[in-house]
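Here is a short tour for anyone meeting this protein for the first time. Please take a look at the model before reading on.

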Amino acid sequence: MAFDGLTVSCIAHELNNKLINGRIFKIAQPESDELYITIKINKEQYKLLISANASIPLVYLTSKPKQSPLTAPSFCMLLRKYINNGRIVKIYQPGLERIINIEIEHLNEMGDLCRKTLIAELMGKHSNIIFTDENNNILDSIKHVSARTSSVREVLPGRNYFIPNTTDKLDPLNLDFPSFKKEICSKPDSLSRAILSSYTGISPVVGNDIVNLSGLDSSMTPSDLNDDEIYHLYNIFSHYMDDIKSGNYSPVIYYDGKEPKDYSSIPLSVYSDLKCVKKESISTLLEDYYSERESIQRMKQRSSDLRTVVNSTLSKCNKKYNLQLKQLKDTEKRDKYKVYGELITTYGYSLTEEDKVLKCINYYDNKEISIPIDNQLSPIDNAKKYFDKYQKLKRTYEALSKITLETATEIEHLESISTALSIATSVDDLKQIKEELINFGYIKRKSNEKRSNSKSKPIHIKLDDFHEIYIGKNNYQNEEVSFKIATGNDWWFHAKKMPGSHIIVKSSAPDESSLPDNIYEIAGSLAAYYSKGRENEKVEIDYTQKKNLKRVAGAAPGFVIYHTNFSMVSEPKSIEQLKLNC
């Protein structure tokens with residue numbers, strides 16, 4: 001979601017509740033476009049992060065420490081000179097602009113009380129942190145903007161500070177029906193776009209949400225609406241803004257599976273189908289959201305090279321497999337040539353030099369058959385020709401049967417690695433997968449690269465006093481849980497006929513021959529989730545006791561066979577969805 005005016009409003013609301021009358025204790029500038037300010041109030045200590053990063057401008061309270069450079073930049077030194085030990089007296093957002101003003105009182109060199117303002121402008125590539133005096137003159141900024149860079153406004157020491165009005169948008173906090181109707185009806189766009197282009201601080205998601213709550217068709221334009229529908233849309237918008245004005249926030253993160261998809265300072269109806277996690281504050285939300293997203297992005301980047309190798313090899317193997325199957329199908333006519341040879345040997349005496357077809361009774365099915373004949377060859381040579389074709393196709397069939405099975409096994413192995421990459425949750429998991437790719441010749445180990453001694457371990461969940469679950473996240477871990485951790489009467493779960501994790505349920509209950517129904521359901525849901533079918537509504541699961549498992553001779557780690565098992569159908573659910581503790 002865009003860092004819109006509603007989110008900024010929520011942040012300003014939180015900072016007002018926590019930082020007013022706080023004393024600025026420390027000021028640091030860990031990055032060229034970032035401030036880290038420590039504030040003390042009522043024996044509490046808060047750390048305020050203000051980032052003017054062009055990609056992700058942010059303001060929030062954090063608990064994480066930041067490493068500062070040994071020599072403070074000039075902007076940081078200026079702030080220390082003026083507002084170190086200053087008192088925060090006011091924090092506000094102008095309208096619904098993506099701006100937070102922090103007013104600070106301090107004593108100057110003469111002991112006189114002065115007021116300065118630290119302004120955080122959170123506007124994408126135009127983001128900035130600006131320091132002004134009581135007369136609105138710019139003392140300095142974390143980014144200098146000259147006339148060469150911007151024709152709208154210079155941000156330089158000595159210049160007057162103002163908010164550029166480049167869009168002529170209205171303030172949604174001062175909403176009234178006549179101006180709403182006039183502004184909206186003048187727009188030829190869709191309803192959500194009309195709201196977005198008419199009012200400040202409204203992001204596309206919020207525009208869509210307002211239209212969605214109104215029950216109107218999002219593809220409609222304002223000209224399609226009658227007066228009652230326009231008034232209804234105005235009321236929905238007005239109620240939306242009432243929540244903002246009254247500080248009625250409820251910060252939430254929306255998840256698509258395990259990946260954070262979006263966030264909002266208030267619940268959004270357009271994401272009703274996604275998992276919603278409420279947060280105690282907007283600062284906690286922003287810290288968690290960007291931390292989780294960064295972790296997922298980092299994992300994706302680190303796994304991208306491995307995924308490229310796996311996908312490329314898998315594509316080649318699938319093409320090879322399809323060609324082999326086609327060639328194998330061509331060998332199905334081999335027995336026909338054998339029969340032709342036998343019948344020519346039996347009935348060839350009746351052929352004349354002009355005959356190009358031998359018609360005779362096939363003594364295998366007692367039906368008449370027509371066999372093409374080369375009248376330039378003798379009956380014996382014609383029979384030999386068909387026997388030779390039969391032998392050639394027979395040899396091809398025998399060779400292809402073996403090769404096709406090997407290719408199918410290789411595809412199954414690569415698909416299991418691909419699934420493991422999707423399940424991987426740590427760098428150690430990726431190292432273990434890379435080691436498997438090296439061991440099976442898909443990647444060459446670099447001359448200076450040592451063998452990985454990854455400490456990556458299967459997921460371990462203690463369910464109660466008698467039951468615990470182990471989940472293998474890749475083939476090596478599957479091998480470990482099935483043949484090192486599991487013992488004879490432990491229960492083994494796996495998605496049927498698709499790659500996925502081996503799930504082991506260890507039981508120390510008096511009766512180890514079965515499990516409580518809820519344990520079967522939990523294990524089945526986890527086996528479905530940690531498989532290739534995790535996006536399906538339902539997945540068929542095989543389960544059996546460990547004593548029924550056998551390793552496949554010469555196969556990759558984690559590949560097993562079993563002939564005694566039960567089956568169930570489970571809905572894929574994550575550890576978080578099942579509310580389990582690792």
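## Charges

Let's start with charge: the protein chain carries 79 positive and 77 negative side chains, with the centres of the two sets 7 Å apart. Here Lys and Arg count as positive and Asp and Glu as negative, while His and the chain ends are not counted. Each charge is placed at NZ of Lys, CZ of Arg, CG of Asp or CD of Glu.

## About the model

This is a predicted model, in which local features need pLDDT of at least 70, side-chain atom pairs count only at pLDDT 80 or more, and totals for chains, interfaces and linings use all residues. Residues are numbered from 1 along each chain as its sequence is written, and side-chain values use heavy atoms, leaving out hydrogens and water.

## Overall form

The protein chain holds 12 helices and 22 strands (DSSP runs, H or I of at least four residues for helices and E of at least two for strands, numbered from the N terminus). Along the principal axes, its C-alpha atoms fill a box of roughly 125 × 65 × 55 Å. Of the 582 residues, 47% are buried, meaning under 20% relative accessible area with a 1.4 Å probe, protein chains only.

## A look at helix α10

Helix α10 covers residues 427-439. Its buried residues include Leu430, Ile433, Leu437 and Ile438. Among the elements covering the buried residues of α10 are α7 (282-330), α9 (379-423) and α11 (475-485). After α10 comes Gly441, with a positive phi near 80 degrees.

Conventions:
Buried < 20%, exposed > 50% of the residue type's maximum accessible area, 1.4 Å probe, protein only. Expected span 1.5 Å × (residues − 1). Contact = heavy atoms within 4.5 Å.
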